[in-house]
Amino acid sequence: MSLFRLSVPAALASLLVGCSSAVQSPAPAPAASRSTLVVPAGFESTVFHDGVGRARHLAVTDDGIVYVKLRGPQARESAATFKGLVALRDNGSDGRADEMQAFGDYEDVGDYGTALRLYEGHIYFSTAGEVYRQKLTPGQLVPTSPVELVLKHHYKQDGKSYEHIAKPIAFDDRGHLYVPFGAPGDVCQDNNRQPGAPGADPCGQLQWHGGVWQFDARKLGQTEKDGRRYATGIRSLVAMTWNRHAGELYALQHGRDDLYRSWPQYYTRWHSAVLPSEEFFRVTEGFDGGWPYYYFDWMQGKKLLNPEYGGDGTKEGRGATLTPPLIGFPGHFAPNDLLFYDGDQFPERYRHGAFIAFHGSTIRMPYSQAGYVVAFVPMRDGRPSGDWEVFADGFAGIDPIPNTSDAAARPMGLAQGPDGSLYVSDSVKGRIWKIRYRGNRGDFGERQLAPMAARRTTQAHLRHPDAVKDVIGGPALAEGGTLYQTYCVACHQADGKGDGARFPSLHSTRWVSGNKPRLISVVLHGLQGEIDVEGRTWNGVMPAHGFLTDEQVAKLLTYLRQSFGNLGQGVSAEEVAQQRAKGPWTPPTR
């Protein structure tokens, strides 16, 4: 057994849960506070525009037009066609857009558009599989020039849809376009995301994925074969930009998933919530981030061997030979945009520093989801000169954040206006914030920063969670474990693996983590006859447990769906009551 695993009490691991919908969410904050960001004293945040749609990256022209890329084309009341870009303009100089127009006549079948950047008088933007551009006319709100295809990436091959298909883009000062092609899966397994499955060695996916490719920014009609691999070993990028001051490419990687689900012998749910790091890279030519063989542990400060390649949470392998990240952020913060500030409006300490939009986690339960913040990293000569800071918070409107859907807003894109203001986009409903500095630049210092620094230790979505005290819904889950010991353990055993003859295992099975109405019905009404459980036939009898209350069934099933390697959503008492009223579950008819 790895000593790494023992840092969290083993008894707790059996009670911790995944993304529970049964956990009671705190009451949402009032509407007024949900629209107000928390920023350092002297700064002011206002809503530039509200409701553009599922906003991703954005950019601002020299004459103040704000362009926003939507995740996918959306129907507009004023247009019969679908548009995937939005232009906003403030004609009244009051900090709010009073003119909006959707545009974009291009093919988008991936519903995962991300990038929007301005380069040499063009607006460049991406879908899941393409990079397009349009020529801009100064002063004209919406371009009327033809949409030109710059790059076509065949991310769908052999009938398979790959993961990590977001395409941020960046331009250097030598006419090059940089585009990442994300990893097809999680950790280069032949059986992707299957618990305990080894990683392919060598990883053949690295030939055309898991890195950054360099292209000619001015050439049209390119495919992936026209580019050259600039950097490798990078799982997934959404935040990437060229640092003009340092003259280098920078990016932040989304780390791998499922440490606990796939390797519970080495990791607890706490480890899986806080690891691995989201890595801040300086991406030089030939850079190797280490994926899929290694991940970065920000607590140990080391590149460690992934368990798919023989790691156990302590083994380094050849990790020490890899270039470490500039900063290792906590796990699953989801860095989705990066901006180096070169304006004059903000206090001098922000000049050339890095702003990072952390979109927020989805898989941190049983602890609060984390991130949902714009962070700042002070920089000097292209390297961090201090620890990361909270710059803008309050997007989620709730703390702790049990479920991703509880967040009112999620910061996504960043852009700098011509006056030095910072624009931030939200991907939930499409709010655009404008952050300006109104104070005395010379007086700004620790007094203004101290309250923001305190948020890293007081806010559940930012602080490092305590393995025991910060479990959301801990007492209710303990009740579920007690119910399991009372009513289920005789057949399915304390470890949930059954007896191997009459009673099936509850580990990592769709019977537990899949169809909720079917599972609720099995507990309420019992089950007889042959069933298939992960490829093996069983023919026992499951007695009815309809004598349990709706609340008891919900707690029991939430415990089951988030224990024994299962990562299903929790079950609510309301769902149990609804299924009880319907009677035994029957398969839907076509």
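**Notebook: cysteines**

I started with Cys 491: its sulfur sits 8.5 Å from the closest cysteine sulfur, in Cys 488, too far for a bond. For the notebook, a disulfide is a pair of cysteine sulfur atoms within 2.5 Å. This is a predicted model, where local features need pLDDT of at least 70 and side-chain atom pairs count only at pLDDT 80 or more, while totals for chains, interfaces and linings use all residues. Residues are numbered from 1 along each chain as its sequence is written, and side-chain values use heavy atoms, with hydrogens and water left out.

Next I looked up exposure, taking buried as under 20% relative accessible area, exposed as over 50%, and partly exposed as in between (1.4 Å probe, protein chains only). Cys 491 comes out partly exposed at 29%. Cys 488 is buried at 14%.

How many disulfides does a search of the whole structure find? I got 1. Cys 188 and Cys 203 are the partners, with S to S at 2.1 Å. I checked the torsion about their S-S bond too: it is about 100°, so the disulfide is right-handed.

Then I asked where the two partners lie. Both Cys 188 and Cys 203 are in the loop between strand E13 (176-181) and strand E14 (211-216), so the pair ties together parts that are 15 residues apart in sequence. Strands here are DSSP runs of at least two residues (E), numbered from the N terminus.

Buried or exposed, I wondered about Cys 188? Cys 188 is buried, at 2% relative accessible area. I noted Cys 203 as buried as well, at 7%.

Terms used:
Helix = DSSP H or I, 4+ residues; strand = E, 2+ residues; numbered from the N terminus.
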